[in-house]
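Please keep the sequence and the coordinates at hand while reading.

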Amino acid sequence: MRITRVTVAAVGTAAAVVLAGCGSDTTDGQQHTHEGSDDHHVLEPLSPRQIDAEQTASTAMGMVLSWQPAIDESKTDALIRATAYLGGDLLAVAESGTRASVRPDADWQQWAAAKDAVAATCVRADSTPAAPKGMRTVVLDVTCTQTVLHASGRSTRLTPQTWRTTVTRTDDGWRLTDYRYQQ
């Protein structure tokens with residue numbers, strides 16, 4: 001079973017739509033007709049050309065920290081999936097196709113054996129330093145929360161972590177060029 005961040009987002013969106021329709025109160029006795037489709041659509045993240053520095057940092061880090069231990073050889077596979085949002089040395093590592101020596105998470109083997117996946121969501125942290133307008137390189141802190149999606153259907157939210165990221169403006173949009181664990 002391959003669970004991706006896009007799958008998680010699609011399931012979450014579908015659940016929200018279903019719940020939004022629950023509990024409606026119609027006092028006029030009218031019947032509601034439901035129209036829809038069984039077509040399934042994959043939600044794709046926005047192109048780096050369409051998003052700003054903050055969105056690039058959050059999107060890229062969410063991809064970098066989302067893993068499929070049962071399928072991925074290492075965390076580098078997540079970096080490769082984020083290639084469209086990367087620049088500089090990070091892009092060079094992702095495009096090299098080599099698996100960098102990245103220390104696996106302590107639970108990696110357990111997640112792999114259980115066929116669990118790890119999905120991350122990231123948002124701008126309050127600790128982000130102020131940057132003057134017009135800068136082509138910006139430092140942003142993002143707080144990322146990883147959730148282990150167990151094959152059983154349960155999920156476990158891990159402790160949020162803050163990462164200091166560097167994003168650089170290119171002719172093709174913003175790109176993540178560096179990240180470091182903060183706390």
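Which residues does Thr56 touch, not counting residues up to four places away in sequence? In this predicted model, the partners of Thr56 are Ile51, Tyr85, Val167, Trp174, Arg175 and Leu176. Thr56 itself lies in helix H2. Its relative accessibility is 0%, and therefore Thr56 counts as buried, the cut-off for that class being under 20%.

H2 spans residues 53-64, twelve in number. From its first C-alpha to its last, H2 reaches 16 Å, close to the 16 Å expected at 1.5 Å a residue. At the start of this helix, a side-chain oxygen of Asp52 comes to within 3.2 Å of the backbone nitrogen of Glu54. H2 is mostly covered, with ten of its twelve residues buried. Among them are Ala53, Ala57, Ala60, Met61, Met63 and Val64, together with the polar residues Thr56, Ser58 and Thr59.

In soluble globular proteins, nonpolar side chains tend to be buried together. The largest nonpolar core here has 30 residues, and Met61 and Val167 touch the most other members. Which elements each supply at least two residues of this core? They are H2, helix H3 (76-81), helix H4 (88-96), helix H5 (108-114), S1, S2, strand S4 (161-170) and strand S5 (173-181). H2 gives the most to this core, with six residues.

The overall architecture can now be set out. The protein chain has five helices and five strands, and along the sequence these follow the pattern α-α-α-α-α-β-β-β-β-β. Of the contacts between residues at least 6 apart in sequence, 58% join residues at least 24 apart. Buried residues make up 33% of the 183 residues in the chain. The chain exposes about 11,600 Å², of which carbon and sulfur atoms supply 51%.

A covalent link is the next feature to consider. How many disulfides does a search of the whole structure find? The search finds one, formed by Cys122 and Cys144, whose sulfur atoms are 2.2 Å apart. This pair links distant parts of the chain, with Cys122 in strand S1 (residues 117-124) and Cys144 in strand S2 (residues 137-149), 22 residues apart. The torsion about the S-S bond of Cys122 and Cys144 is about 115°, so the disulfide is right-handed. Both Cys122 and Cys144 are buried.

The last stop is a backbone feature. Most residues other than glycine have a negative phi. Lys115, although not a glycine, has a positive phi of about 65°. Where is Lys115 placed? Lys115 sits in the loop between H5 and S1. Because its relative accessibility is 45%, Lys115 counts as partly exposed, whereas Thr56, with 0%, counts as buried.

Key. Residues are numbered from 1 along each chain as its sequence is written. This is a predicted model: local features need pLDDT of at least 70, side-chain atom pairs count only at pLDDT 80 or more; totals for chains, interfaces and linings use all residues. Side-chain values use heavy atoms; hydrogens and water are left out. Helices (H or I, at least four residues) and strands (E, at least two) are DSSP runs, numbered from the N terminus. The expected span of a helix is 1.5 Å times one less than its number of residues. Buried means under 20% relative accessible area, exposed over 50%, partly exposed in between (1.4 Å probe, protein chains only). A polar contact is a pair of N or O atoms within 3.5 Å; within protein, one must be able to donate a hydrogen and the other to accept it, and residues adjacent in sequence count only if both atoms are side-chain atoms. A disulfide is a pair of cysteine sulfur atoms within 2.5 Å. Contact means heavy atoms within 4.5 Å. Accessible areas come from the Shrake-Rupley method with a 1.4 Å probe; for residues, only the protein chains shown count as cover. A nonpolar core is a set of buried Ala, Val, Leu, Ile, Met, Phe, Trp, Tyr and Cys residues joined through side-chain atoms within 4.5 Å.
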